[in-house]
Amino acid sequence: MLADVRLLLWLRVRHARWSAERVMHLAGAGVQAGTRSERAYQLYVLAIVCAFLVAMWAALLDAVEGLFALAGTAACAMAVQAALTVPFAVTAVRGLQGLRTSPLKFSHPDSAFLAASPLDARALVGLAACFQALGAGLAAGLAGFLLGAGLCSAGALAASPFLAALAEGVAVMAGTVAGWLPGVVRLACFASRRKVAAVAVPVLVAVVAAGVAALWLARPDALLDAGFFAAVAEGSVGLLAATAVALGTLAPHADMTVALRESVLFADLGRFGPLSPLGQDAVRDYRRRRKLAARRLRFRLPRGEGPAALVARATLAQVRRYDGLPSLLVQGAVVVPFGVLAIGGVGGPVLFLFWLQALLMMPQGAREATRAFRDDMRNRLVRDRLPFGTLSLLVFDSLPAFVLTTVLACAACVLAAPPGMPPLAAVGLAVLVNACTLAACGLDAVRLYAHGPRLCYEYGALALVAVAFVLSLFASPAAVAAALAVLCAALAALVRFGVECAW
C-alpha cells in the first residue's frame, strides 16, 4: 500500500508541476526555464504575486476587525453559528453528491492506468479524500482566522485567532471526509443507488439537522468561550479519525468499475479547464448534453402531424430536460416582471438598467425556452427535412416554454403591479415582453442577407430595453405596449425573412 501511496503522490506532484507551468506561461515564464535571467524573472513574478496577496489579506483583515468592532455579543455569536454551520453544509452536499455519482473521480489516463494496474483502493480513496479535505480545511482555516480576529477586536473572544482558525479548519476537514462515507458505502455495498439513498439520505439529514439545531440553540456566551473552540477542534479531530478508519475499512470493497463508469463525464470535461479557449456557455451546454445522453428515457412522444408534432416534441424534451426548469422559473418570475415594472414607472430609470443586466447576464431562461428550436437548427440533417420556415419552427418549438413563462410572468406582474397599473395592462405587457424576448432568441439563427452580418439575441435584448426606456420617458404605457408590439413584429420579420446560417 505504501508503494501505491508513493506512486500516487508522485503523479500528483507531476500534475501540480504541469499546472504551475501553464499558470506561469500567463506571465511569460515557465518552471522549466533554465537560464539565470528566466529564473530571476520567475522570482520577480512570484514576489509581485506574494506582495499582492499580503496586501489584500491585510486589507481584508482590517475590514473584518473594523466591522466586528461595532458588533455586539448577539451578532458575534451569530457569526460563530454561521461559521460552524459550514462543516455540516459541506457534509450534506458531499454526501448527496456521493449518492448521485462516485466521489472518486478519474481522468482518462488515470482510468487506463487503474484498469491496467492492481492499485490498492485504500490508497486511491485515502489520497483523494485527504487532498480534498486539506484544500477545504486550508480555505476554512483562513476564514476562521478572520472570524477569530473579528471576535478579538470586539472583545468577545479572550484567545488567539489561531484557535478559531484551527477549530474551523479541522471541522471543515472532518465534514469533508464524512461526506465521502455515503458515496464509498454505495460503491462498497453493490446495491442500487435508490436502495442506498433510501437509507443514507434520512440518516444524513437527521445527523446534519441535529448538529445544526444543537449549534443554533446553544447559549451565546457558551459559543464565545475559548473552551468551546477547543472542544470543537478536539471533537473534529476525533470525527476525522473515525471517518478515516471507516473509509479505510470500506475502500477495499468498493467497486472500481462503477467509479470508472461514473467518472466518464468528469474525464471528458477535464480538457475544459480555466485556460480553455472555449467559453463557459459551450462547456455547460456540452456537460448538459452528456448528462442527458446518459439519462434514462422517460415517457414517449405522442402521435401528431404538422405543428402538433413540433409542440409535442418540444414538450417532451422540456419534461426530459427537467434541470432547465429553474431557468424558466427565473425567466418568468424575475426577468419578465422586471421589464413590466420598469415600463410601469417603478424604480425610475435605474430599474431599466437592472432589467438590461438581467437580460444580458442571465440569458439562460430565454435560451432554455428556445432550446428545442436551437437543437433543430443546429442539426442540419434534421433541419433540411423539416417543412417549416424559421419563424414557424421558432414559434412551435418554443410554445410550451412560452406558455409556462408567460403564466408565471402574468401571475408575478399581477401580484407586484404598481398601484396605477390595471391588472389587465400588466398581463398584456408581460405577454409582449416575453414574446419579444423569445423573438430575439430567433436572431441567433439568421443573417440579414447571404454572407451578411450575423444577428444575435443580444441585439434584440438591447433594442427591447432601448425602445421601452426611450418611450417611457414621454409616452404612456399604452404607447409603449404598442411600440413593443411593433418591435416584436419586426424581430419576427427578421427571423422570417433572414437567411439561415450554421449554428
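For this tour, Ala, Val, Leu, Ile, Met, Phe, Trp, Tyr, Cys and Pro count as nonpolar, Asp, Glu, Lys and Arg as charged, and the others, Gly among them, as polar. The model is predicted, so to speak a calculated one: local features need pLDDT of at least 70, side-chain atom pairs count only at pLDDT 80 or more, and totals for chains, interfaces and linings use all residues. Numbering runs from 1 along each chain as its sequence is written, and side-chain values use heavy atoms, with hydrogens and water left out.

**Stop one: a pocket**

Select Asp281, Arg284, Asp285, Gln364 and Arg371. Of the 20 residues lining the second largest pocket, these lie nearest its centre. (A pocket is an open set of points on a 1 Å grid over the protein atoms alone, where a 1.4 Å probe fits, with protein on both sides within 12 Å along at least five of seven lines; lining residues have an atom within 4 Å of a point.) Now colour helix H12 (280-294), which gives the most to the lining, seven residues. The lining divides into 14 charged, three polar and three nonpolar residues.

**Stop two: the largest nonpolar core**

Show Trp355, Leu359 and Leu484, which touch the most other members of this 49-residue core. (Such a core is a set of buried Ala, Val, Leu, Ile, Met, Phe, Trp, Tyr and Cys residues joined through side-chain atoms within 4.5 Å; buried means under 20% relative accessible area with a 1.4 Å probe, protein chains only.) H20 gives the most here, nine residues.

**Last stop: another core**

Apart from that one lies a core of 25 residues, including Val64, Ala77, Val80 and Val232.

Key:
Helix = DSSP H or I, 4+ residues; strand = E, 2+ residues; numbered from the N terminus. Buried < 20%, exposed > 50% of the residue type's maximum accessible area, 1.4 Å probe, protein only.
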